[in-house]
Amino acid sequence: MYIPTILIAFALLTGCMGAEAQKEKINNQSKNISMDTSKLSNPTVKAAFEAWQAGDSKLWLSFFTADAQLLDDGHPRNFQNFSTKAIGHERFTSVDIVKDSGRSIFGHFHSDTWGNFKTYFKFHLDANSKIYKLEIGQAEY
């Protein structure tokens with residue numbers, strides 16, 4: 001039986017497109033990891049963390065003072081640069097430990113650039129519940 005070449009090409013093309021769509025779906029799911037944030041007892045930290053996880057830099061920045069400081073493994077970095085470049089490309093994949101009345105978060109982390117590792121975010125809040133300093137770094141626990 002003769003099957004027109006166009007039908008074979010169509011079948012191959014739709015099969016490839018289906019595989020690519022499935023691959024994209026898997027990639028998007030891995031970026032949108034849902035996790036239990038009930039351990040985060042400080043409301044400001046919890047809201048900032050959820051903004052970070054959602055990749056919402058505008059909302060994330062709203063929880064910080066205009067002159068917020070960032071320390072990365074104890075070294076000063078540009079907070080604004082970090083917030084706009086890293087958000088959406090870096091995220092926690094688990095929250096393992098919460099300390100300091102909910103202001104310090106330790107967990108597994110994924111960076112599109114650096115891969116997977118354990119990290120911490122330590123939030124320092126002023127009297128108005130605005131975050132004035134964020135300490136981040138690799139964790140050992």
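The model is predicted: local features need pLDDT of at least 70, side-chain atom pairs count only at pLDDT 80 or more, and totals for chains, interfaces and linings use all residues. Residues are numbered from 1 along each chain as its sequence is written, and side-chain values use heavy atoms, with hydrogens and water left out.

D67 is found in strand 1; strands are DSSP E runs of at least two residues, helices H or I runs of at least four, numbered from the N terminus. The D67 side chain makes a polar contact with the side chain of T65 at 3.1 Å. Such a contact pairs N or O atoms within 3.5 Å; within protein, one must be able to donate a hydrogen and the other to accept it, and residues adjacent in sequence count only if both atoms are side-chain atoms. Between D67 and F79, the C-alpha to C-alpha separation is 8.6 Å, across 12 residues in sequence.

F79 belongs to the buried set of helix 4, with F82, S83 and A86; buried means under 20% relative accessible area. Seen down the helix 4 axis, the buried residues fall within an arc of 100°, so they line one face of the helix. The arc is that of the directions from the axis to the C-beta atoms. At the N-terminal end, N78 caps helix 4, a side-chain oxygen lying 3.0 Å from the backbone nitrogen of Q80. G88 follows helix 4, with a positive phi near 90°.

F64 touches F79, F123, K130, I131 and L134, residues up to four places away in sequence not being counted. Contact here means heavy atoms within 4.5 Å.

How values were computed
Buried < 20%, exposed > 50% of the residue type's maximum accessible area, 1.4 Å probe, protein only.
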